[in-house]
Amino acid sequence: MRKLKEKKLVLATHNQGKVRELADLLARFDIQVVGAEKLGIDEPEETGETFKENAKLKALHSARAASLPALADDSGLVVPALDGQPGIYSARWAGPEKNFTLAMKKVEEELLAKTGDTSGNLAHFVCALSLAWPDGTTMEFEGKIHGILNFPPRGNKGFGYDPIFIPKDHDITFGEMDATAKHKISHRAKAFNQLIRNAF
Ligand code: IMP
C-alpha cells in the first residue's frame, strides 16, 4: 500500500455535502484539502458498474487534471427490496436538479408498488473511497452501514437520503443526527478509517 506523503489533496467531487463530510474527517490531519470545483475540474461520466469503479475513475480524473493526489467518494443507498436500487444510481434518481425530496419519494413509491410497505424495509448505505495519484496508482476502500427506511422523511441535517434512513440500533434518522454522531458510524467514516490505516 502506498502512503500519502503530499500535503495537499484534491477532493474529487462537486457535491458540497461530501466535500463538507470529507473535509471534517480530514481536519485532524496536517493536510490541505481543496474541492475539484474550485480548481475548475469537471466531473467525469460515471460509467462504472460498482461503487469502487466509479470512485476510482473520479479520483484518477481529478488527480491527473490537478497533478495532485485526489480522493473520490462514490456512494449510495442500496435497498434490497428494490433489487439494490437506487445503488450506484442514487445521485441520478434526484434528476438534474438534484432534488432529493423527489428521489426519496421515488423510493417510497417504488417500495409501495413492489412490497406494499414503505417504512421498515431494510436498506444500507455504501461508500467507496478511491485515493489516486497523477501517475495512475490508486487504492480503494469500502464501508457500509445497515438500517431501515422511514417515511415520511425526518430531519434536515446531513444530505441526500439521510432523512429516510434510520441506522441499526438507533431511533432517529441520519437527517436528525448531529454530524459528529453520524461520523462515528457512517459508511463514509468506515471507508475513511480504512483509508487512514492504510495510506496515512
Ligand atoms: P455519487 O457518489 O456522486 O454518485 O452520489 C451518491 C449519492 O448517494 C449522493 O448524491 C447521495 O444522494 C447519496 N448518498 C451517499 N452518501 C450519503 C449519505 O451519507 N447520506 C445520504 N445520502 C447519501
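Predicted model: local features only at pLDDT ≥ 70, side-chain atom pairs only at ≥ 80, totals over all residues.
Helices and strands here are DSSP runs, numbered from the N terminus.

**Exercise 1. Locate the cis peptide bonds at Pro-86 and Pro-152.**

Step 1: Gln-85 and Pro-86 are joined by a cis peptide bond with an omega of about -10°. To place Pro-86, go to the loop between β3 (70-78) and α3 (100-115).
Step 2: Phe-151 and Pro-152 are joined by a cis peptide bond too, with omega about -5°. Pro-152 belongs to the loop between β5 and β6 (165-167).

**Exercise 2. Describe the largest nonpolar core, and say which element gives the most to it.**

Step 1: This core has 20 residues, and those touching the most other members include Leu-9, Leu-71, Leu-131 and Phe-192.
Step 2: Two or more residues each come from β1 (8-11), α1 (16-26), β4 (122-132), β5 (138-149) and α5 (187-199). The most come from α5, which gives five residues.
Step 3: Take Leu-131 as an example. Beyond its neighbours within four places in sequence, Leu-131 is in contact with residues including Leu-4, Ala-70, Met-139 and Ala-199.
Step 4: Another core, of 19 residues, lies apart from the largest one; among its members are Ala-94, Met-104, Leu-149 and Met-177.

**Exercise 3. Work out how Phe-125 and Phe-174 are paired, and which other ring joins their cluster.**

Step 1: A pair of aromatic rings is described by the distance of the centres and the angle of the planes.
Step 2: Five aromatic pairs are present in the structure. For Phe-125 and Phe-174, the ring centres are 6.0 Å apart and the planes are at 15°, so this pair is stacked.
Step 3: Phe-125 lies in strand β4, while Phe-174 lies in the loop between β6 and α4, so the pair ties together parts 49 residues apart in sequence.
Step 4: The rings of Phe-165 and Phe-174 have centres 5.3 Å apart and planes at 45°, so this pair is tilted.
Step 5: Put together, the ring pairs link Phe-125, Phe-165 and Phe-174 into a cluster. Relative accessible area is 6% for Phe-125, which is buried. Phe-174 is buried at 0%, and Phe-165 counts as buried at 0%.

**Exercise 4. Identify the residues that come nearest the ligand, and find how much of the ligand the protein buries.**

Step 1: Around the ligand are 19 residues, of which Lys-18, Ser-75, Phe-100, Asp-162 and Lys-182 come nearest.
Step 2: An N or O atom in the side chain of Lys-18 is 2.6 Å from an oxygen atom of the ligand. A polar backbone atom of Ser-75 is 3.0 Å from a ligand oxygen atom. For Arg-188, a polar side-chain atom lies 2.9 Å from a nitrogen atom of the ligand.
Step 3: Alone, the ligand exposes 490 Å², and the protein buries 96% of that.

How values were computed: Residues numbered from 1 in each chain as written. Heavy atoms only, no water. Core = buried A, V, L, I, M, F, W, Y, C linked by side-chain atoms within 4.5 Å. Buried < 20%, exposed > 50% of the residue type's maximum accessible area, 1.4 Å probe, protein only. Helix = DSSP H or I, 4+ residues; strand = E, 2+ residues; numbered from the N terminus. Contact = heavy atoms within 4.5 Å. Near = heavy atom within 4 Å. Polar contact = N/O pair within 3.5 Å; in protein donor to acceptor, adjacent residues only side chain to side chain. Areas by Shrake-Rupley, 256 points an atom, 1.4 Å probe, with all protein chains shown as cover. Phe/Tyr/Trp six-rings, centres within 6.5 Å; stacked < 30°, edge-to-face > 60°.
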